Each structure stands twice: as C-alpha cells, then as structure tokens.
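Dear colleague,

Please find below the structure that I am handing over to you, followed by an account of what was found in it. I would be grateful if you could read the two side by side.

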Amino acid sequence: MSRSWWLRIALLAFLIVFSCAILMPTVVEMVLYPEETEDVANDNIEEGVRNPPLPEWYTELPKWMRSKTLSLGLDLQGGLMLRYSVDIDSAIDDKLASNAANIRAELANIGVDLEDYNVDRENNQLSFIFKDVNETGKITDSNFLDNHPMLAYVKTVDRTVTLGLRENYFKEVEESAVQSAVEIIRERIDGLGVAQPTVRVEAGRNIAVELPGLSRSRVAAAEKLISTTAVLTFKLVADRSESISLFTTLSQNIPENSGIYTGGGTLRADDVIDPATKRVVSSGKDILKKFVRDNEKIIPNGRDIAYEKVDLRERRMEVAEDVDVNTLPTSWRIRLVRTDLPALSGDNVEAAYPASNPDTNMPYVSLKLDHVGGDTFYDITKEHVGDQLAILMDDVLVSDPVIRSEIPGGNVSIEMGRGSRQDTLTEVNNLVVSLRSGALPAPIRQEYKTLVGPSLGKDSIETGMESLIIGFCIVFGFMIIYYHISGVFAAFALMFNVLFIMAGMASMGAALTMPGIAGVVLTVGMAVDSNVIVFERIREELRNSETPRKAIHMGFDKALWAILDSNITTAVAALVLMNFGSGPVKGFAVTLLLGIIATVYTAFFVTRTMFELKVRISPDKMSI
Amino acid sequence: MFTMIKPNTKIPFIPNHKPVLISLVVLAFAGILLAFIMGPNWGTSFQGGTSITLHFKGNVPIERVREEFVNDPRFESVSVQSVGNEASNRYVVRTRTSTTLNCTKLEEVKNAVDASVASESGNVLKIGQWPACNPKVEDGIRGDFFVTFVPLEGKQAPESPIEEVKMKDIFVKAGLDADVSYESGAKRYLVKPKGIQSEVVDLMNQKFGDNFEGEKGIDQIDTVGADVGEKFRTDAIVSILVALGLMLLYIGIRFDTRYAPSAVISLTVTTLITFGIVVLFRFEVTLETVAAFLSLVGYGINDTIVTFDRVRENVGLAEPGVPLDNIVNKAINECLSRTIITSITTLGAIIPMAIKATGATQDFAIIMTIGICIATFNSIFVSCPMFLYFDKWFKGMAKRNELRKEIADLNAEA
C-alpha cells in the first residue's frame, strides 16, 4: 500500500477520534441531564454538586476537553434574545447644537458678536454669521479650533464661516459608544445568573444580547436592566472623617451571613490607617445596594452612596482574616459622595482623550468641558482643593482623582495615580471610553426582541430530530438501493459528514438552532450530490469498458472540478448569509458552510479511500 | 445495474427549449408582477410589529382570542392563527403594533401629566423636558424616557421633588402604565413604560382568567420596530443580490463570460418564480425565508455548474465542426441522471421536514421543496439555452468587430 493511502487513513482516523472527543461533553450532558429545567439551569450549578454526579472518568479529563459543549440555541432551549441599536445620530445632533451655543458664548467672551448662527443637521455643519467680516479669522484660528475637537473648518463665504463635523469623529464616537454600551450591558446582565449569556456587536452599531434559559418571570426585569441608559456624573467624595463615621455606623447594622464583610485597612496612600475605619465590602453589588437601601435613613441629606469595584485578592487587608478571599473574585465597596454641589454631568463633557505626561511618561485622561461645565468646574475646584473628585457612571465610581489646584477653562486632567504604566494605560483607556459614551448621551433603542418558552423549544427539537432521521433514512435507502455497495460507502461518508459538522460547531462554540438543523438536513441532501457525480462518472467509465481501478481513478479526477466549483459557489451564498444574518439565520449559514467543507473532504478522501480499499480486495468486481 | 436514465439517452432538450424557456421567463415576470400587485406577506421581522405565540390551559376557541385582540384599540391590524392542531390551544397573534406608546398617545399622556403635576404642586411646576416623538417612525418612541419638571415663570421651585409613588400614580392616571424612578443627581424622573408583553399578559389574564397562566402562557414573542423592519428588508434584498454578484464573478473567472450571465439569469428566474409562489400562497416572508432563498440560489448554482462543467469538457473533446447546440444537448443528457438523483435525495431529506415541522421551519422546508423542483428544471431549460444565446451574441459581436476593422483598414488604404 502506498504511503499517501496510509496518510489518508490516519487523517480520517484522527478526525473521527478528534470529533468524538469534542462531542463527548455534549453527549455526557445529554445523557445525564436530559431534563434540566429552566430554573435549575439558572442556578449556576458548580461541578460536583450535580445530581446525578458526573462520572469519575469524566471529571478526570483535562479541562479543555470538557469545556466545549454544543449548546442548544435560544429557539430550542427557550430564553430571551434582544437586539439594540445605539442611537448615535440624535446624540451627534444634540452635540452640534450645544457646540454652536458654546462657540457663540466663547466669542462673546472675547468681544466678538455674532449676527446669527445656524445648525445644519442634514450635513452636520454649523455656520456662523459675523457682524464684522474682519473677525471671521477668530473662529478659523487653529488655537480656537483645537478647543473644539469634534469640529473642522469647512469654508468661509463673505461673513459666514462654516464648520463641519470632523471626518473621523462620527466613526470614533460610534465605536467607543457601542463598545462601552456592550461593556455596561455585560456587567448588568452578569447579575441575572443566566448560564451562558452573550453580548455581542452586530453590524457595527447593533448590540445583540442572548440570555438562553432565562425564566419568563424574569424577562421584564432583564429588559429593564439592560435598556437603562448609563448616566455620567461628577461629584465630590465626601470628607474622610464623615465617611469613616458613617461606615462605622453602617457596619454595625450588617446582618449575619449576608455576604457583606468589613475590615480595617487602607486603600489609597492618602487614606490614614485607622483601626476604627470600617469599609463595607461585598462580593455582589446587588447585596450591597439592598443593604444600603435598608439603611437609607442613616445616610445624611446631600450625601449619596456610590459603589466601587475592588479586587480583593490585591487587598487582603480589607477583609477579615477568616474570610477566604479567593471566593470573592470581584467585590464591591461603598463610597460616600456629596450631592449638594452644582450638578455636572456627562452632557458637559465635550471631549475626552488619553494623553501622557512628558516628564513621567505616565498616561492620564484629558477632558474638555463645555462652557457651562467649565465655569461650574472652576467654582467647585476653587473651593475644594485637596478633596477627591468622584466620577460616577450610573452609581458606580469609576475614578476618584484628587483636586490639586483650581482648574480654570474647563481643561481637566485626570491622573490615575498608582500602578504600572501598562495598568494605568488600560485604566485610562477604559475611562476615556466611559467618558466618551457617557459624554455622548447615546440612548440604546430596542430593535427587536424574541422570547421563546421552553415547551415550544422542546417540540421544535423533537420535530427537527424526527425529520432529520427520516430524511437520513430516505437518503440512505435510496443510495443503497441505487448504488448497492457504493451506496453504503456514500452512507458512511454522510455519517462522517454529520459528525464533522457537529464537532465543528461544538469547537466553534456555536449553538444548535432550528435553522441549524434545517442546514444539516439540507447538507445531507446536497452532500450526496458529490457522491452521485462521482458514481455516475465511474459508471460511465465502466461502460467505456475500463477496469474498475481505472474507472475509479478517472471518475474521481473528472468529477473534481465540477464538485469544487459547485461547492465553492454554494459557499459564497453561505458566506453572504453569515454576514447578513443575525442570530438564527447565522446558525444556518454556519452549518451550511461547515457542511460544504465536510462534503468536499468526505467525497474526495473518505469515499475514495473506501473505493480503493474495495478494489484492492476484489479488483475485478464493482458494485455500483 | 439499476439505472434511472439509460445510457446514451438523447432527449432533444435544446431543439425544443423555446416554448419551455419562454414560459419560464413569463412565469418569472408574473412573479414580479404578483409581488407588486398583491405584495408579499411580510412577517413581523420585515414590517415591524409583534408576533406572540400564546397557549391556553383549557379549551379556548380561536374566535374568542381573535375577538379580544381585534376589539382592543391598542393593537393594530391583528391576525390570529392556530399553531399545530386545533386541540393544542396554541395561537399566533400578529399585530403591526410594536409599542402601544405612539405619538398621539404620548401627547395625551403629556397633557394629562402636565395638568396633574400643576395641581399637585399648587400651580408651581410644569413639564420641562419631555421625549421628542417622531411621527414618521410609526412607533413613536420605544423604551424608557426621562422627564423633568421646572417651575412656572416667576415661581419658586418647591424644596423637595414629587415622590416617586405619587409620580407613578400621575402617570397611571394619565393612561401610561409605567415604573417611575427619581434620579436625585440629575433631578429628573426615569419613566419605564410597561412593554407590550405585560399588556398582553394583563389582557389575557383579565379575559381568560384560569385558562391563561400569566407569563407562562407566552411561548414566544417577537417584537420588531417598524423602521428596523424596513432595514431588514433592504438587507435581505441586498444580500441576495450580493450573492448573485459574487457567483457571477466566480463563474466568470472559472469558466468564461458566456457561462456566468447564463447561470445568474437562471438563478434569477428560479428566485422570481419561487417568490411568486410565496406571494401567491401568502407564505409569511421571514428571516428564514431569506435563508431559504439563499440556499436555493446555492442549490441552483450547484445544478447549473455541474452541467456547465460537462459542457466545457465536451467542447474541449468535440471534433471541429460539430455544432455547439449538439454538444450542449449531449452534456445535458449525460448529466441528466445525476441531476435527477440529486434532486430526489435532497427532496427526500427536506420533505419530511416540510411535513413534520411547524412555523417558520416548515415554511423554509416547503419553499425549499418547491424551489428545488424549479431550480432543477431551470438548470436544463434556462442555463443551457441562455449559454447558447450568449455564445451567439458574443460571436456575432466578434464578427462585427472584425468586419468593422476590415472596413476601417480598407478606408485607410483608400
């Protein structure tokens, strides 16, 4: 036997073993836990506490082998799918209008009066009509324009200067807004306790959220949780002694076993170590929020509680000694902030970008506030030098820089302080993203929603599987009756084909949906086509009285391009579907594409190898 | 050997293609015409609206469900169908409404809220910020919105804001069932209207009581905004055109310029005839339908290419002087067996699904079944004759160019 022949056999054997290995976790799940109800699935089952327990040999397998299961799609399992679009156009409109008003005020400050100004929403342009033609240069001045990073000079006609939206601005804003919306949503749905939630960007500015297995009673809550727009606000961190006394009082009210921990310790270099300091820390923001709500009366007027994410593993000091910090991966602590100051919100932020200090090479965030915001900020910073600013996203404290001196002109630098350059850079970038999209009050709009109950999903699986099996039998039966032993070869090739498709889907982490099953059914029908083309060719060659060996050889060679061409063009359709489709349609496209690849492979390698083996055993007879 | 088509079969497809080709093209135009006259039955995802699958515990006849929805002014153009057999008590309700909060309603609510807030605060407060409503977008607004209240001119704002509970009451009385929460930092109220889902559940609970299990009675809900539906429609048409374009390109490169347009015309005819049938029999056009059409395009190109491959091979082998018509006819006959067998196996796989499945998947399978038959037919009667026409056209063009060149040469000499 030739070497290439052995290689082919080895490859096939490897693929089969590999596919089976990939699919094993799926089979184990299906066999052991066929009736997992929606509510059980929600309780984040940890390994080892499952009933019946996982077999020992299975738990001893390496983790990578167990991690990938072919999960059921939303339509089969039940659950909620939502798609949102980030409404950037209206946000840009608002920003343009406020920019125009600001520019007018700024010009008035330097003694330039405008006759009028217009906002052209259609072309995203602003035009300013000056009283004096000689003053038009004031606005086109590069120093002036640098303060308005979203605008670029377009043209001057007579006394009218037109400024337009900077070319890349829209794209930048779009990207950062969508990205941060995805982050926020991901964080929000974490608390829902759904086994495998996904949040992803679709078609540039759409956000798709899938919550498989979400019980129906929680759908409304989930929807509300997701669609609330995040609000960015600037506040001041309350005085330290005030915080300490309040937290001390609060910590006395912590109920037993509530999952809230306290401990003395330090958080920042400027925090004084005080054994009496009690910080309230919990692994879940929800728990903390509820606790704060229960103790609302203790919080004085003009003060509010903000929540800050902390990594407890780095802050062992924060927690009482007997608590195992490894069980608290991300924790939250509370901070006291002042709300009795002039409101300054994300609407006042005109631009936010990462910058870096030329002396220390440390990155920081540079902010440009609008006219009103700049004045307010100046007033606040003048009165509160040495205090900590609190930058909040919703009720989460994102950053708390110390005010070193009064800040005029609305140009704010936020230094992130400690940590390596890399960590600081990440922090800076995160804050810029949050500031930009918070600064841009881009609301998200629900585009569509699909909710599937679990009973409907179960019915779908049953009918889908039944029709798949019936279809299989029809195709097998036909091929075997028509092509005899060669038909059996084709049937084997078909089974490998389906095995490879399933394994491919499992390793890609794709979910099996109803359209996906339809894709498999269609592939089963069409995969036979490659075999039929070859078989018909072989028959022709046999009729031309070639020997079986030669006939097989010529049959496969002559059919090669017909099969490749036809499959590649079908793959084109599948690729288009993949780009067009959302959710279920995409599932169909993925199976179709995998099917095409598997078809070409099985037709040329698997069936051919079987034929060659057969010819070796009985060189004179063909059963086709 | 068991054979379907005897070897050396010589069915004269090409000599007799004209009437078949003409009727297929006529059918394709009829498909376009039908689509324009009757209009496709756009599903929820393509026209916006809501589709709800409900199931009842007890026996609730379809007429009663229909009655409740049709008589409720909140739901626009409602249709109710039963899913599966009658006894399952499972119904799909489709409506054009995707939110019950349209611009008119929002204006009514605004006026009512304004009035009650004024009286509540002793004629001090009025509405400051209220969501803008775009009447062009049929839905008006969807989702949550912010509301602020400002003092009337010359009045001093009250010290504390109106309580959340009271504000919620004001909204409910104004006709909008919503959750209201106050954001002290931004001094505004966040209004979260109850979605269409809660409204349907409330309505069903109220009308059918014990026969409806609240949230559990909802099997599936799809809600799509009207403007989004339109976008999906454009996307779907674009995706089919892109697929056809890319195939044109691939065949153009792999074969030549005579094959590519013939194949694409054949696929277009397949798509249009099938679409005509979809329109005529009022199939709901959904995202799954688009998937069906793209698969159909994929299947159709398969058929055509296998035949073309044979044509190309035979052209290379043919002795000089044999007319192309004969070569093509021979190629079709040689592939006929494969063409028919592949159709049979694919249909064999898909027909059980067309019978057993329900809803969108069943539609997908039925459309595929019809489309596969048409595609098989077209690969013989449209692709190949069109190839011959393009061949003649290109050869004619070449000849004309040659003549022109000769004339030009002669002129130059003279």
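A residue is called buried here if 20 or more other C-beta atoms lie within 10 Å of its own, exposed if 12 or fewer do, and partly exposed in between, with C-beta atoms placed from the backbone. The model is a predicted one, in which local features need pLDDT of at least 70 and side-chain atom pairs count only at pLDDT 80 or more, while totals for chains, interfaces and linings use all residues. Residues are numbered from 1 along each chain as its sequence is written, and chains are lettered from A and ligands numbered from 1 in the order in which they are written.

The two chains

Chain A contains 18 helices and 19 strands; helices (H or I, at least four residues) and strands (E, at least two) are DSSP runs, numbered from the N terminus. Of its 624 residues, 42% are buried. Chain B has 11 helices and 11 strands, and 43% of its 414 residues count as buried. Two residues are in contact if their C-beta atoms, placed from the backbone, lie within 7 Å. Among contacts between residues at least 6 apart in sequence, those joining residues at least 24 apart make up 72% in chain A and 73% in chain B.

The contact between the chains

Chain A contributes 66 residues to the contact and chain B contributes 67 residues. On the side of chain A that touches chain B, at least two residues come from each of helix H10 (219–227), strand E19 (444–452), helix H15 (454–508), helix H16 (514–543), helix H17 (548–580) and helix H18 (584–617). H16(A) supplies the largest share of that side, 15 residues. By class, the side of chain A that touches chain B comprises 36 nonpolar, 18 polar and 12 charged residues. In this count, Ala, Val, Leu, Ile, Met, Phe, Trp, Tyr, Cys and Pro are nonpolar, Asp, Glu, Lys and Arg are charged, and the others, Gly among them, are polar.

H16(A) has 30 residues and reaches 44 Å from its first C-alpha to its last, close to the 44 Å expected at 1.5 Å a residue; the expected span is 1.5 Å times one less than the number of residues. H16(A) is mostly covered, with 26 of its 30 residues buried. After H16(A) comes Ser545(A), whose phi is positive, near 50°.

Sheets

Which strands make up the open sheet of eight? Its order is E6(A)-E7(A)-E1(A)-E19(A)-E10(B)-E2(B)-E4(B)-E3(B), with antiparallel pairing; two strands pair if DSSP finds at least two bridges between them. At the edges are strand E6 (198–202) of chain A and strand E3 (79–82) of chain B, each pairing on one side only. Neighbouring strands of this sheet are turned by 15° against each other on average, direction ignored; axes are lines fitted to C-alpha atoms, for helices over the stretch in contact, and angles run from 0 to 180 degrees between N-to-C directions.

Five bridges link E19(A) with strand E10 (residues 218–224) of chain B in the antiparallel sense, and Tyr448(A) stands opposite Val224(B) in E10(B). Within chain B, strand E2 (residues 49–55) and strand E4 (residues 90–95) pair antiparallel over six bridges, and Arg90(B) in E4(B) is the bridge partner of His55(B).

Chain A also has an open sheet of three strands in the order E14-E15-E18, again with antiparallel pairing.

Nonpolar cores

A nonpolar core is a set of buried Ala, Val, Leu, Ile, Met, Phe, Trp, Tyr and Cys residues joined through C-beta atoms within 7 Å. The largest has 136 residues, and those with the most contacts inside it are Val521(A), Leu577(A), Leu294(B) and Val297(B). H15(A) gives the most to this core, with 18 residues. Not counting residues up to four places away in sequence, Val521(A) touches Ser467(A), Leu468(A), Gly471(A), Ala349(B), Ile350(B) and Met353(B).

Arg549(A)

Arg549(A) is located in helix H17 of chain A. Is Arg549(A) buried, exposed or partly exposed? Arg549(A) is partly exposed, because 15 other C-beta atoms lie within 10 Å. Leaving aside neighbours within four places in sequence, Arg549(A) is in contact with Val615(A) and Pro619(A). Arg549(A) and Lys614(A) are 65 residues apart in sequence and 9.7 Å apart in space, C-alpha to C-alpha.

With kind regards
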